[in-house]
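User: I've got a structure to go through with you. Can we take it piece by piece?

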Number of protein chains: 2
Amino acid sequence: MCQLLGMNCNVPTDICFSFTGFQARGGLTDDHKDGWGITFFEGKGVRQFLDPSPSSHSPIADFVRTYPIKSMNVIAHIRKATQGEIKLENTHPFVREMWGLYWSFAHNGDLKNFSPELDGRYRPVGNTDSETAFCFILQEMQKKFGETKPEDSKLFELIHKLTLELAGFGIFNFLLSNGELMYAHCSTKLASIVRKAPFTVAHLKDREVTVDFSSVTTQNDRVAVIATNPLTENEQWTTHAPGTLLLFKDGEILSEKPTKAGPTPQEICPV
Amino acid sequence: MCQLLGMNCNVPTDICFSFTGFQARGGLTDDHKDGWGITFFEGKGVRQFLDPSPSSHSPIADFVRTYPIKSMNVIAHIRKATQGEIKLENTHPFVREMWGLYWSFAHNGDLKNFSPELDGRYRPVGNTDSETAFCFILQEMQKKFGETKPEDSKLFELIHKLTLELAGFGIFNFLLSNGELMYAHCSTKLASIVRKAPFTVAHLKDREVTVDFSSVTTQNDRVAVIATNPLTENEQWTTHAPGTLLLFKDGEILSEKPTKAGPTPQEICPV
């Protein structure tokens, strides 16, 4: 499968440190070699870097690691293909526009026999279960709320309902953002950390890199980092319970709700 | 206004040489300093690099200039803002999905008092006339043909009709591609060249760079390059007549049709 990395902040922040560790997992410290991608929201705009080659050997990933782009919401993904060939169009995260906002989505998992009825408004370009799931979610959001973005709590309820439905088809860890909110679903594996004052020193697991966050932040900064596996070895990450939908806003968890329907992780993926 | 650069080929080709000259026009040899962007189609996928800073000083543009990405269809744009702030969401080219394909669009010009009725299926994220025009074109394509891509000639007819309509609002040079076809409209200024065997040596206008195409091509390669102003000084570019819609496919002009409706360029922009 794949690995996810997300960031949600209350102030534009670069993701260079976290991405430095994450990049290594695409072919160096782990075997997710089937491409990688990252979406940065800046205001209402998005920048996206995609590459169907392993992140650990990708010149584009080297560029992203060393070029600080400040963003309040970032989604990154390294791929180990289950469905869909290793091609650019199957590389996560995916991006679509809805309600005059860009939405970006990345998935770690595998949905079996998932072929929902799509009315054509949001159609997959590639042939992954993940992009199909993203298009289905957007379609259902549009069906329910029409052409106007609802208030956050109503959208959270719908995304919770859709997550329950989709998780019935298999493993469905995902990150979804519209540049303001970050939805994160722990289907089988997801961890997060909220960094805020007093900031400390962190050391990556995957590379010999240390950062002193107190030297690059202000007292009011709050940065949530979400990852399939914790990225640092000397900080206290929260390992989320399988079957949890989280909503991050301004660098903290705003809502959290169990998603217990569908087979349990043990049933899908016996140890 | 802005400058456009497009490439349409019969074999995946990198755009490094042309982009080297084009990049200089964003703040070095010309004053289009309000951002730049480029879309590469690779198979059905797209890679996009966007930056609201001047291309001549953009590290991302430096990367694109030196990292060869092979593509059959490329659209690039450097911006001199007329409508919409200098922000990422207003940076061309824009990308949307339709009929399971990505479409990308960039515009050089200025549409006055253009506020079409949009039904919400394709909505601008930023606030440029250009993104609005792109959303309108896609909306009308979907209205006319529903959920199925029509044959090329029918689509060309509709895009011609829409171009006539939109050109009535002002200057509307544009490039539009779905990864296979490249539509190019010369409203006031657009040139192109088709490079094929026997290949020769070309020298950029904007930088001291020369390339011998015969050393990097095969006999069957055919590459059309489209630009607001010719990029090389020792080749024979075709300067298209104002009011011409062109369709490029596999590196050559497939269709060409006048677009004479609307005010003439002289009426819009008196010399």
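Analyst: Starting with Leu175(A): setting aside neighbours within four places in sequence, its contacts are Leu4(A), Gly6(A), Ile75(A), Ala106(A), Met182(A), Ala184(A) and Ile226(A). Keep in mind that this is a predicted model.

User: Which residues have the most contacts inside the largest nonpolar core?

Analyst: Leu138(A), Leu175(A), Tyr183(A) and Ala184(A). That core has 69 residues.

User: And which helix gives the most to this core?

Analyst: Helix α3 of chain A, residues 129–145, with 7 residues. There is also a second, separate core of 68 residues. Leu4(B), Trp36(B), Ile38(B) and Ile75(B) are among its members.

User: What are the confidence scores of the model?

Analyst: ipTM is 0.93 and pTM is 0.94. Chain A averages a pLDDT of 93, and 96% of its residues score at least 70.

User: Where in chain A is the pLDDT below 50?

Analyst: Over residues 264–271. Beyond near neighbours in sequence, that stretch has 8 contacts in the model.

User: Now the two chains. By what turn can chain B be laid on chain A?

Analyst: A turn of 180 degrees, with a shift of 0.0 Å along the axis. The RMSD is 0.0 Å. That is how a two-fold axis relates copies.

User: How many residues of chain B are in contact with chain A?

Analyst: 27 residues of chain B, and they touch 27 residues of chain A. On the chain B side, β3 (45–51), α2 (59–66), β5 (94–98) and β6 (101–111) each give two or more residues. β3(B) gives the most, with 4 residues. By class, that side has 10 nonpolar, 7 polar and 10 charged residues.

User: Why do you say the copies meet through the same surface?

Analyst: Because 100% of the interface residues of chain B are also interface residues in chain A.

User: Back to α2(B). Which of its residues are buried?

Analyst: Ile60(B), Ala61(B), Val64(B) and Arg65(B). They span an arc of only 140 degrees around the axis, so they sit on the same side of α2(B). Pro59(B) and Thr66(B), on the other side, are exposed.

User: What do the buried ones pack against?

Analyst: In chain B, the buried residues of α2(B) pack against α1 (16–24), β2 (36–42) and β3.

User: How far apart are Ile78(A) and Thr228(A)?

Analyst: 150 residues in sequence, and 11 Å in space, C-alpha to C-alpha.

User: Which residue has a phi near 50 degrees?

Analyst: Asp250(A), a positive value in a residue other than glycine. Asp250(A) lies in the loop between β14 (244–249) and β15 (252–258) of chain A. With 14 other C-beta atoms within 10 Å, Asp250(A) is partly exposed. Asn113(B) also has a positive phi, about 50 degrees. Asn113(B) is in the loop between β6 and α3 of chain B. With 7 other C-beta atoms within 10 Å, Asn113(B) is exposed.

Notes. Residues numbered from 1 in each chain as written. Chains lettered and ligands numbered in written order. Predicted model: local features only at pLDDT ≥ 70, side-chain atom pairs only at ≥ 80, totals over all residues. Least-squares fit on C-alpha atoms with pLDDT ≥ 70 in both. Contact = placed C-beta atoms within 7 Å. Nonpolar A, V, L, I, M, F, W, Y, C, P; charged D, E, K, R; others polar. pLDDT = per-residue confidence, 0-100. Buried ≥ 20, exposed ≤ 12 C-beta atoms within 10 Å, placed from the backbone. Arc of directions from axis to C-beta. Core = buried A, V, L, I, M, F, W, Y, C linked by C-beta atoms within 7 Å.
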